[in-house]
Amino acid sequence: MRVLITGGAGFIGSHIAEALLREGLEVAVLDNLSTGKRENVPPGVPFYQVDLRDGEGVERVFREFRPTHVSHQAAQASVKVSVEDPLLDFAVNLVGGMNLLEACRRHGVEKLVFASTGGAIYGEVPEGEAAEETWPPRPKSPYAASKAAFEGYLSAYGQNYGLRWVSLRYGNVYGPRQDPHGEAGVVAIFAERVLKGEPVTLYARRTPGDEGCVRDYVYVGDVAEAHTLALLSLEGVYNVGTGEGHTTLEVLKAVAEAALKTPEVVHAPPRPGDLERSVLSPLKLMAHGWRPRVGFREGIRLTVEHFRGR
């Protein structure tokens, strides 16, 4: 099995690369390094600095590496950016995604595993409930809409061209190597700023001063395990989460406790496109033997220690 990982120099993609190497698989990484880092790519893994929007560049990678399977992690992954610049989101997530699908079709790729979003695709999840895969997509942001649309293309390519596929709808993934210089990685942002003694911004769920939005935080190592399972034995759509919701304030308190510091907090209004509450049911994936192994506080501690070591 020869696996091409798009976005493999990024936070989640690099952990997936390491997990697949432990399985003894051949791995290559495609990444434009817009947010990824070259040093995240494991030693000895072929690396192609290519943007998915460059169809000819993607074609060259497929001709050279000849993948049998693809892990599609590359994306414009910011809800905020997608609201501010929906055309950029469309170009990266859908035009770039179509270049990838066409290369898969031309080169006879057997299976593609897609990094979708559970944290945005279902819309608001009512209090006391956890979204299941049978819920219809209700995207609030262009980012979520692009992920839902690409799942539709996957289904069409499966029916028309025989491409086997899995869509993993991630919760809020966090852990070592997460990028703190954006809005998508609140655990990393808090960890870096708290350790430096800098103020942190807590965006409101409804009004400034409340506890913030509720999210399903899942540790990156558990996500990599889910991806390996999907690549080897699954097909269809699966949530990757814990079934537990935590407020932004809970995240901040856990980070502060792990860092042994008391941060200054700046309360801000809600961000455009943000959902108030998103929690995922992982029961379908758990039926195949997967379990979230790293708990919330332990995962926060490991992430803070990573940033302390930097």
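Two rings of Phe, Tyr or Trp count as an aromatic pair if their centres lie within 6.5 Å. The model on screen is a predicted one, and a search of the whole structure finds six aromatic pairs in it.

**Stop 1: Tyr-174 and Tyr-217**

Select Tyr-174 and Tyr-217 and show their side chains. A pair of aromatic rings is described by the distance of the centres and the angle of the planes. Now colour the chain by residue number. Tyr-174 belongs to strand β7 and Tyr-217 to strand β10 (residues 217-219), so the pair links distant parts of the chain, 43 residues apart.

**Stop 2: Tyr-217 and Phe-296**

Why does the pair tie together parts that are 79 residues apart in sequence? Because Tyr-217 lies in strand β10, while Phe-296 lies in helix α11 (residues 296-309). Tyr-217 has a relative accessible area of 5%, and Phe-296 has 12%. Buried means under 20%, so Tyr-217 and Phe-296 are both buried.

Together with Tyr-217 and Phe-296 they form one aromatic cluster.

**Stop 3: charges over rings**

Select Arg-271 and Tyr-203. The charged end of Arg-271 sits over the Tyr-203 ring, 4.9 Å from the ring centre. Then select Lys-284 and Tyr-238. Here the charged end of Lys-284 is over the ring of Tyr-238, at 4.5 Å from its centre.

**Stop 4: helix α1**

Select residues 11-22, which make up helix α1. The helix has twelve residues and reaches 18 Å from its first C-alpha to its last, close to the expected 16 Å. How many of its residues are buried? Nine of the twelve are, so α1 is largely enclosed by the rest of the structure. Among the buried ones are Phe-11, Ile-12, His-15, Ile-16 and Leu-20.

To see what surrounds them, show the elements that the buried residues pack against, including β1 (2-6), β2 (26-30), β6 (164-170) and α8 (220-233). Strand β7 (172-174) is also one of these elements, and it holds Tyr-174 from the first stop.

Last, select Gly-24, which follows α1 and has a positive phi, near 80°.

Methods: Residues numbered from 1 in each chain as written. Predicted model: local features only at pLDDT ≥ 70, side-chain atom pairs only at ≥ 80, totals over all residues. Heavy atoms only, no water. Helix = DSSP H or I, 4+ residues; strand = E, 2+ residues; numbered from the N terminus. Expected span 1.5 Å × (residues − 1). Buried < 20%, exposed > 50% of the residue type's maximum accessible area, 1.4 Å probe, protein only. Contact = heavy atoms within 4.5 Å. Phe/Tyr/Trp six-rings, centres within 6.5 Å; stacked < 30°, edge-to-face > 60°. Lys NZ or Arg CZ within 6 Å of the ring centre and 35° of its normal.
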